[in-house]
Amino acid sequence: ERDKARMFSQLGRHGLRFVVDYLPGIAKHFDRCLDQGFYQPFEGFLGRPRKNKDGGSGPLFLGYLYRRIFDKDAKLRVDASIASISAIRQLLLGLKKIVGECSDDVINNEIDNFVEIERVARSPFFNWRDDECEFKGSVKFLDRSSTRDGRGRFVRKPTKQLSADLDRLHSVCDMVSAMLGDFHNESPTELPKHGPGAVSNLSFQQWKYNFPSWSDRIERIFPYTRYACANEALALVDGNCLSPVSYDSRLVVVPKTLKAPRLIAAEPVENQWVQQVILNQIVRRIAQTPIAASIRFNSQEANQKAAVQGSIDGSNATVDLSSASDRLSCWTVERVFRRNISLLERLHASRSQAISLKDFGRGSLPLKKFSTMGSACTFPVQTVVYALMAISLGITGKVTIGSVRKSASKVQVFGDDIILPRENLDRLREMLTFFGLKVNDDKTFGGANFRESCGVDAFQGHDVSPVYIKHFAEEKSPFSKVSSYVAHANNLYLAGLWNAANGYRERIGLG
């Protein structure tokens, strides 16, 4: 009752920021304590420690639950209560992902961060902004450009260990890139189809197969008559489709949570179309390489199982990246795939070279990043790049097909969710930093007890993931939201939160 009164008091004083920002901050600290195996007091108005009267450690707030997890010496109990851990995480995280519109100040701050990431990214060696980009010349991870950031400032010289790791990474990248084959020769199963997302140069009502343009850049690699037209006769009738106009992508703000929105790019329809070809090719061809065991493009299950196993034996570490797609530069991509010019040519032709910020009172931003969220190539390319990095760190001797395959069996990557042997975590962190990427320390775990990957939070083999409530139940619910409310109620019930599930159903008139 005391904890409940305190929560409602703080909610009344601070509003929804209390449940979408402050409480999740406590949860990050709590997860770190679980992973390290001991409790450390946290600062803040709910961090006041309770007097140690009954052999347990923890704050006064939710203290009854904490002392079932940590003993009087602040160490993790051998018989730590899984129910108490789940309850604390549910209370602290359950409303973290409430969907809502953010203020203009929050949106502008996110756009400022987007622009700043672009500003500090390294400039590529090849001219990705030209309609014709010849990938001729030698590029490598350790060259003159690697000692400067995107603003031309000198950065710290790589350590001897990192230099050796980058040399090994080159060998792995070159091997796998060459094995992917000629991307200009695709099989019928690799031909495109449209995705479900919005595009930048057509309205919602317009047909996506009626291309308003087909730029010279795309035409060089993806001839219109082969990739976008049923037959050549139709191409002769619809000459506008061969217009040399090249459209920018368009920045779109998508509601994510009340704390921050999600920024994605609406790609030009012709770009999105040919990106689907590359997506299909990468997915099918990676399955034939030695790194296939590390990647499941269409399933998170392998990552989730590996996270649970890591929470039991501590054999692996789970890594999460901040703004992963925005920080992956053309500089990195052109070096990772330097032994497959056909892939680089297709990535260049399908990529948006700039993004329009005009909807937010700004101009057009030229892009040094490889691509943004919204491109069909973003997810597969970043998954392969991060997998190659993690796999290379697990090879101790000569780089061979066998050694790559053996290391790949201990790595799992899905987008920016990376799992690798725990002993390689610090080296991966250093490598990622070298490439301008940023590890999200709050969601990266390499201790003994806790792991998080692809939506599964695991403690010593137990799934302690909270149920996220994304919409407040309304007594007079619009029909369009009822299915979402019912799904929330069902998720609460399946998690064993039966009273909460019943209360939620009663709130929307389904009790």
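**Reading contacts in a predicted model**

Me: N340 has a relative accessibility of 4%, so it counts as buried. What are the cut-offs behind the words buried and exposed?

Reply: Buried stands for under 20% relative accessible area, exposed for over 50%, and partly exposed for anything in between, using a 1.4 Å probe and protein chains only. Before we go on, this is a predicted model, in which local features need pLDDT of at least 70 and side-chain atom pairs count only at pLDDT 80 or more, while totals for chains, interfaces and linings use all residues. Residues are numbered from 1 along each chain as its sequence is written, and side-chain values use heavy atoms, with hydrogens and water left out.

Me: Thanks! Where does N340 lie, and which residues is N340 in contact with, apart from its neighbours within four places in sequence?

Reply: N340 is in the loop that connects helix 13 (330-336) to helix 14 (341-350). Helices (H or I, at least four residues) and strands (E, at least two) are DSSP runs, numbered from the N terminus. Beyond its neighbours within four places in sequence, N340 is in contact (heavy atoms within 4.5 Å) with S177, L180, G181 and F183. A polar atom of the N340 side chain is 2.8 Å from the backbone oxygen of S177. For a polar contact, look for a pair of N or O atoms within 3.5 Å; within protein, one must be able to donate a hydrogen and the other to accept it, and residues adjacent in sequence count only if both atoms are side-chain atoms.

Me: How many salt bridges does a search of the whole structure find?

Reply: Here is the general idea: side chains of opposite charge can pair when their charged atoms come close. The cut-off is a side-chain nitrogen of Lys or Arg within 4 Å of a carboxyl oxygen of Asp or Glu. The whole structure gives 25 salt bridges. One of them joins R220 and E132, at 3.9 Å from N to O. That pair links distant parts of the chain, 88 residues apart: R220 is in helix 7 (residues 216-221), and E132 is in the loop between helix 5 (104-120) and helix 6 (160-179). R220 is partly exposed at 41%, and E132 is exposed at 52%.

Me: Are R335 and E334, another salt bridge, buried or exposed?

Reply: Both R335 and E334 are buried, and their closest N and O atoms are 2.6 Å apart. R429 and D441 form a salt bridge too, with 2.5 Å between the closest N and O atoms. R429 belongs to helix 17 (residues 425-434) and D441 to the loop between helix 17 and strand 8 (450-453), so this pair ties together parts 12 residues apart in sequence. R429 is partly exposed at 28%, as is D441 at 44%.

Me: Now the rings. How many aromatic pairs does the structure hold?

Reply: A pair of aromatic rings is described by the distance of the centres and the angle of the planes. Rings of Phe, Tyr and Trp (its six-membered ring) pair if their centres lie within 6.5 Å; planes under 30 degrees apart are stacked, over 60 edge-to-face, and the rest tilted. The structure holds 19 such pairs. Among them, Y39 and Y66 are edge-to-face, with 5.6 Å between centres and 70 degrees between planes. Y39 and Y66 are both buried, and together with F30 and F70 they form one aromatic cluster.

Me: Which charged ends sit over rings?

Reply: The test is NZ of Lys or CZ of Arg within 6 Å of the ring centre and within 35 degrees of the ring normal. The charged end of K97 sits over the ring of Y468, 4.2 Å from its centre. R122 does likewise with W331, at 4.5 Å.

Me: Last one: how many bridges pair strand 8 with strand 9?

Reply: Two strands pair if DSSP finds at least two bridges between them. Strand 8 and strand 9 pair over 4 bridges in the antiparallel sense, with S453 partnering V456. They form a hairpin with 2 residues between them, and C454 in that turn has a positive phi of about 50 degrees. In a regular strand the side chains alternate between the two faces of the sheet. In strand 9 (residues 456-459) both faces are covered: V456 and A458 on one side, and D457 and F459 on the other, are all buried. Strand 9 also runs antiparallel to strand 10 (residues 462-463), joined by 2 bridges, and A458 stands opposite D463.
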